[in-house]
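I opened this notebook to keep a record of what I looked up, one topic at a time.

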Amino acid sequence: MSEATDPTTQAGTTTVSSEVVEKITVAAAKAVPGVAELGGDVARFFNSVLDKVGLDTVGDASRGVSAKVTGSDVTVSVVLVLEAGRVVAEVTAAVQQAVTAALQGYGLNVLAVNVNVDDIAGV
């Protein structure tokens, strides 16, 4: 018995950069109700300085997110600020689910979505 090959399949590899994974993660995490913003204290401070001097888009694409990509396997870490009055476990679980679904939608295998709550907005 012979194996059939798909004539449309091309030889070569496809890679996805950590920056792309971070952008997808930021978009998914920001869309979750209860997430006020992304990034830790230091990152938010430096980004506010950049915003004030007119460099308001520098660092925005991956603010508060880091990703490790090995082939199609992805591990991401998200640092976020919660809205006041939200249940931590509910918001973080929703972030993990949203990020996982978004990355899987791009054909990536999500090994872990680690969430660190750094602050609560308005408190």
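**Ground rules.** I am reading a predicted model, in which local features need pLDDT of at least 70 and side-chain atom pairs count only at pLDDT 80 or more, while totals for chains, interfaces and linings use all residues. Residues are numbered from 1 along each chain as its sequence is written, and side-chain values use heavy atoms, with hydrogens and water left out.

**Helix H1.** I took helices (H or I, at least four residues) and strands (E, at least two) as DSSP runs, numbered from the N terminus. H1 covers residues 18-30, and its end C-alpha atoms are 18 Å apart, which agrees with the 18 Å that its 13 residues should span at 1.5 Å a residue; the expected span is 1.5 Å times one less than the number of residues. Next I looked up burial, where buried means under 20% relative accessible area, exposed over 50% and partly exposed in between, with a 1.4 Å probe and protein chains only. Among the buried residues of H1 are Val21, Ile24 and Ala28, and the buried residues of this helix pack against S1 (35-38), S2, S3 and H3.

Strands S2 (residues 65-70) and S3 (residues 73-83) run antiparallel and are joined by six bridges; two strands pair if DSSP finds at least two bridges between them.

**Helix H3.** Which residues of H3 are buried? I listed Val91, Thr92, Val95, Val99 and Leu103. Seen down the axis of H3, they fall within an arc of 95°, so they line one face of the helix; the arc is that of the directions from the helix axis to the C-beta atoms. The face turned away from the buried side carries the exposed residues Ala89, Glu90, Gln97 and Gly105.

**Threonine 92.** This residue of H3 counts as buried because its relative accessibility is 14%. Leaving aside residues up to four places away in sequence, threonine 92 touches Val115 and Val117, where contact means heavy atoms within 4.5 Å.
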